[in-house]
Amino acid sequence: MTAPDRDPATAPAALPDFETLLLTRPAPAVLLATLNRPAASNAFNTQMARDLTRLFEDLNLAPGPVRAVVVTGSGTRAFCAGGDLKERHGMSDAAWFAQHLVYERMVRALLNYPLPLIGAVNGAAYGGGCELACAMDFLYVAETARFAQTEVTLGIIPGAGGTQTLARAVGERRAKELILTGRPFDAAEALAWGLANAVYPQDELLAAALATAEAIAANAPVAVRQAKSAIARGLQLSLADALRFEVEAYNRTVTTADRREGVAAFNEKRQADFKGC
């Protein structure tokens with residue numbers, strides 16, 4: 001469910017420290033979260049999964065000034081190489097199951113996050129890294145980005161949402177081909193198949209993603225959250241039920257001060273100053 005809209009003043013503005021994530025605020029209402037394990041091609045281990053879970057669960061409860069989030073990887077080689085197989089080597093079945101529960105919670109934290117979440121895929125996104133990318137609202141990717149769901153080549157299947165989110169992005173038949181073969185695909189294919197929204201040169205990628213995040217953050221926060229919710233939830237419903245859900249989401253914006261501010265700003269020919277309430 002979408003978290004209730006909250007007063008940004010109820011949360012501290014300071015950015016927390018994480019072992020595997022680097023957080024910066026390139027604009028007042030935009031958070032940049034960088035996966036920061038470059039020596040391991042930003043593969044996520046148990047700690048990174050815990051860090052991502054905590055980050056997005058905490059942002060859900062208390063967003064503070066943040067109105068949009070961009071996720072990228074450190075360096076230029078990899079966005080995220082997937083689950084850290086060195087950490088997993090020799091794991092017992094019980095330990096594997098226990099770790100996967102952490103990964104499941106991480107994916108839920110991303111998929112349930114109510115604010116806009118943009119991926120800036122700067123390199124390889126393999127296995128769980130591809131699943132992480134698919135959990136974003138939309139993706140901008142570097143020309144050098146490559147994707148793959150390689151799990152079947154390791155004796156498992158995508159278990160962090162990949163069988164569902166990739167199919168929703170590229171369609172059932174394409175997802176079956178990619179997941180059952182495990183073959184990589186490039187940025188141009190990701191764009192053509194609907195996984196990526198745009199492809200940029202490596203040195204332009206992050207600026208483009210941040211510019212879009214800033215454009216979104218300038219809009220009415222309640223309206224943005226309700227629009228995201230209506231799209232995501234509506235696609236899981238029949239058209240008739242989805243239309244009813246859309247009206248419910250719409251009605252939540254009518255009584256806001258931001259709705260009145262937006263109409264006033266339009267008529268006064270000025271930039272709206274949205275407060276998120």
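Predicted model: local features only at pLDDT ≥ 70, side-chain atom pairs only at ≥ 80, totals over all residues.
Which residues does T165 touch, not counting residues up to four places away in sequence? The answer is L111 and C134.

- T165, the residue in the opening question, has its place in helix α5.
- T165 has a relative accessibility of 14%, and it counts as buried because buried means under 20%.
- Helix α5 covers residues 162–170 and helix α6 covers residues 172–181.
- The two helices pack at an angle of about 130°, and their axes are 7 Å apart.
- α5 and α6 are therefore oblique to each other.
- The crossing of α5 and α6 is right-handed.
- On the α5 side, the residues of the contact are G162, T163, L166, A167 and V170.
- On the α6 side, they are E172, R174, A175, L178 and I179.
- Sorted by class, the contact of α5 with α6 has 6 nonpolar, 2 polar and 2 charged residues.

**Helices α9 and α10**

- Helix α9 runs over residues 221–234, and helix α10 over residues 239–254.
- Their packing angle is about 170°, with the axes 9 Å apart.
- α9 is roughly antiparallel to α10, because angles over 145 degrees count as roughly antiparallel.
- From α9, the residues V222, A223, Q226, S229, A230, R233 and G234 take part in the contact.
- From α10, the partners are A242, F245, E246, A249, R252 and T253.
- The residues of this contact divide into 6 nonpolar, 4 polar and 3 charged.

**Aromatic rings**

- A search of the whole structure finds 6 aromatic pairs.
- In the pair of F138 and Y140, the ring centres are 5.8 Å apart and the planes are at 50°, so the pair is tilted.
- F138 and Y140 also belong to one aromatic cluster, together with Y200.
- Y140 counts as buried, with 11% relative accessibility.

**Residues with a positive phi**

- Most residues other than glycine have a negative phi.
- N42 has a positive phi of about 60°, although it is not a glycine.
- N42 lies in the loop between β2 (30–35) and α1 (46–61).
- At 1% relative accessibility, N42 counts as buried.
- K269 is not a glycine either, and it has a positive phi of about 55°.
- K269 is found in the segment after α11 (257–267).
- Is K269 buried or exposed? K269 has a relative accessible area of 76%, so it is exposed, a word used for values over 50%.

**L22 in strand β1**

- L22 lies in strand β1, which covers residues 21–27.
- Not counting residues up to four places away in sequence, L22 touches L32, A33, T34 and N36.
- L22 and T72 are 50 residues apart in sequence, and their C-alpha atoms are 9.9 Å apart in space.

**D258 in helix α11**

- D258 lies in helix α11.
- D258 is buried, with a relative accessible area of 4%.
- Which residues are in contact with D258, leaving aside its neighbours within four places in sequence? They are A220, P221, F274, K275, G276 and C277.
- One of these contacts is F274, which is 16 residues from D258 along the chain.
- The C-alpha atoms of D258 and F274 are separated by 5.4 Å.

**G155 in a loop**

- G155 is found in the loop between β8 (146–148) and α5.
- G155 is exposed, and its relative accessible area is 67%.
- G155 and R25 are 130 residues apart along the chain, and their C-alpha atoms are separated by 40 Å.

Methods:
Residues numbered from 1 in each chain as written. Heavy atoms only, no water. Phe/Tyr/Trp six-rings, centres within 6.5 Å; stacked < 30°, edge-to-face > 60°. Buried < 20%, exposed > 50% of the residue type's maximum accessible area, 1.4 Å probe, protein only. Axes fitted to C-alpha atoms, helices over the stretch in contact; angles between N-to-C directions. Helix = DSSP H or I, 4+ residues; strand = E, 2+ residues; numbered from the N terminus. Parallel < 35°, antiparallel > 145°, perpendicular 65-115°, else oblique. Left-handed = near helix turned anticlockwise from the far one by under 90°. Contact = heavy atoms within 4.5 Å. Nonpolar A, V, L, I, M, F, W, Y, C, P; charged D, E, K, R; others polar.
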